[in-house]
Amino acid sequence: MGFGRRKDTASRPWRLSAKLLILSSIVTVLGFSAICTSVMLDMRHSEEELARQTLENLASGIDSDISRNVELFDLSLRAVANNMVAPEINGVSKPLRQLILFDHAATAKHFGAIQVFDSTGKLIVDASTFDPLPEDRSGEEYFKVHRDQPDAGLFISPPMLHHGAYAIVLSRRITSEDGRFLGVVAGSIRFSYFHDLFGRLRLDPNDVITVFRRDGTVIMRTPFDLDIIGKNLGDLPGVKRALSEPSGSYSGIASANHSPRLYVWRDGTRPLVVLIGKPWADINRLWRIEATRIGAIMGALAVFVLGVSLFLAREIDRRAAAEDKLEELATTDALTGLRNRRKFDASMEIEWRRAARQKRPLALLMIDADHFKTFNDTFGHQAGDEVLIGIAICISDSVHRAGDCAARYGGEEFAVLLPDLSPAQAFLVAETIRLKVEQWCGETAITTVSIGVASMVPDANSEWTVMVNAADRALYAAKADGRNRTVLAHNPKLSLAA
């Protein structure tokens with residue numbers, strides 16, 4: 001029936017508003033979540049960049065300190081190596097030779113005494129004494145390197161036990177003017193230097209500082225680990241990068257505890273390379289705390305907003321249902337359940353204008369119960385009401401389209417509006433209704449109906465009352481012709497036909 005269509009149409013705006021409210025709330029929550037996520041990602045990126053810069057500065061400071069001491073010690077080795085080839089050095093006394101060779105040599109509590117070995121590896125000069133004890137270093141790696149490689153330059157040994165202490169030995173070749181190998185000058189930097197240097201730093205428990213030789217050998221590490229000191233890690237991809245690129249960073253997994261770390265180095269071209277690692281968990285600790293806090297707040301707000309939205313949507317639906325009910329009560333005939341006269345007139349106005357715009361036909365059935373007043377006086381109002389309800393049911397069973405409008409026009413009179421039906425089609429619908437009423441009445445012939453039918457294509461200058469008057473005239477003609485029949489007005493302004 002058309003009544004169902006009216007109800008859906010009336011309630012749809014409210015239901016649409018409820019859906020839009022929920023959708024807008026979800027979009028708002030998602031939008032704020034996206035903004036917060038973007039901000040948190042920017043914060044995380046900033047934290048990581050700050051950590052990278054901090055580690056770079058730390059690596060630069062450590063690298064500068066180590067390089068400065070290595071360079072100072074190397075200058076002392078160069079001076080001794082150059083003075084050892086001077087012709088007059090062998091003709092002076094031991095005290096004077098010591099003064100010439102070591103007067104400008106770098107001294108510090110972590111530096112070992114500089115020693116000079118001849119071409120066979122025998123100790124001939126020691127900065128710490130005029131009369132050194134016999135030593136033979138011909139089997140040491142640094143001696144062999146300088147003996148076999150004239151262009152070795154400064155050689156830094158792997159960590160080793162030197163004169164009773166762990167140290168690295170720095171050495172240079174002594175070469176005569178004609179290029180012959182005359183021996184090696186060597187000195188040491190004790191591990192105490194690195195312990196003292198790293199001890200002055202404020203490091204987190206999981207921070208790692210590793211000092212590498214150019215071939216990837218671990219010279220020193222903090223936290224100190226003798227199992228790693230002296231081990232060659234040059235095959236690791238990250239170490240390869242640190243030894244081949246001037247500066248940079250990479251993310252890698254620590255071999256000790258398998259935790260991901262950020263590794264940074266500043267100058268991979270120097271004799272010793274400093275690589276600093278910091279766990280990503282420590283870098284992002286504060287960020288995670290802040291992200292958790294903001295996430296919890298956003299989650300609570302999201303739940304609150306969605307909860308309020310669902311509550312308001314439910315209230316909107318309840319209000320829509322209430323308004324639908326009020327609309328139904330205001331536009332429905334209480335006895336028959338069909339539309340009332342006021343709603344019929346409004347629907348007639350709308351459909352008339354639509355048909356005029358689209359140049360489509362519009363049909364109207366005017367239905368009246370035959371001898372109803374006599375029946376009502378004879379059997380009472382309650383029986384009369386039952387007859388009207390039965391007729392309304394027959395009409396409803398015959399009118400199925402969504403756009404059709406069936407109404408109680410007044411008293412025992414009914415009206416049916418049928419958009420887009422030709423006169424012949426409207427006549428068939430009217431006959432269906434009449435025959436159903438006749439069949440429902442049965443042999444007792446409680447009552448029948450007479451129907452007037454009018455169908456026309458409206459024009460912009462006409463009023464819908466023209467068609468109502470035509471259908472009324474057709475109805476009166478059906479009454480006058482014996483009742484229980486349908487009369488079609490061929491032209492609302494002209495003749496009638498049964």
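Guide: This is a predicted model, in which local features need pLDDT of at least 70, side-chain atom pairs count only at pLDDT 80 or more, and totals for chains, interfaces and linings use all residues. Residues are numbered from 1 along each chain as its sequence is written, and side-chain values use heavy atoms, with hydrogens and water left out.

Visitor: How are the axes of helix α9 and helix α10 oriented to each other?

Guide: Helices (H or I, at least four residues) and strands (E, at least two) are DSSP runs, numbered from the N terminus. The axes, lines fitted to C-alpha atoms, for helices over the stretch in contact, have angles that run from 0 to 180 degrees between N-to-C directions. Those of α9 (residues 372–379) and α10 (residues 381–398) come within 6 Å and cross at roughly 140°. Angles under 35 degrees count as roughly parallel, over 145 as roughly antiparallel, 65 to 115 as roughly perpendicular and the rest as oblique, so α9 and α10 are oblique to each other.

Visitor: How do the residues of the contact of α9 with α10 divide into nonpolar, polar and charged?

Guide: Contact means heavy atoms within 4.5 Å. By that criterion, F372, F375, N376 and F379 in α9 meet H381, A383, G384, V387 and L388 in α10. Ala, Val, Leu, Ile, Met, Phe, Trp, Tyr, Cys and Pro count as nonpolar, Asp, Glu, Lys and Arg as charged, and the others, Gly among them, as polar. The residues of this contact divide into six nonpolar, three polar and no charged.

Visitor: What is the bridge partner of Y263 in β11?

Guide: Strand β11 joins β7 by six bridges, and the two run antiparallel; in that pairing R213 stands opposite L272. β10 also pairs with β11 in the antiparallel sense, over five bridges. There the bridge partner of Y263 is G277.

Visitor: How many of the eight residues of β11 are buried?

Guide: Buried means under 20% relative accessible area, exposed over 50%, and partly exposed in between (1.4 Å probe, protein chains only). L272, V274, I276 and K278 point one way from β11, while V273, L275, G277 and P279 point the other way, and all are buried. β11 is largely enclosed by the rest of the structure, because the number of its residues that are buried is eight of the eight.

Visitor: Which residue stands opposite S249 in β10?

Guide: β9 and strand β10 (residues 260–265) run antiparallel and are joined by six bridges. Within β10, the residue opposite S249 is V264.

Visitor: How many residues apart in sequence are the parts tied together by R270 and D63?

Guide: A salt bridge is a side-chain nitrogen of Lys or Arg within 4 Å of a carboxyl oxygen of Asp or Glu, and the structure holds 33 salt bridges. One of them links R270 with D63, the closest N and O atoms being 2.6 Å apart. R270 lies in the loop between β10 and β11 (272–279) and D63 in helix α1 (residues 2–84), so the parts tied together are apart in sequence by 207 residues.

Visitor: About how many helical turns separate E323 and R319?

Guide: E323 forms a salt bridge with R319, with 3.2 Å between the closest N and O atoms. At 31% relative accessibility E323 is partly exposed, and R319 is partly exposed at 47%. The two are four residues apart in helix α7 (residues 285–331), so the separation is about one helical turn.

How values were computed:
Two strands pair if DSSP finds at least two bridges between them.
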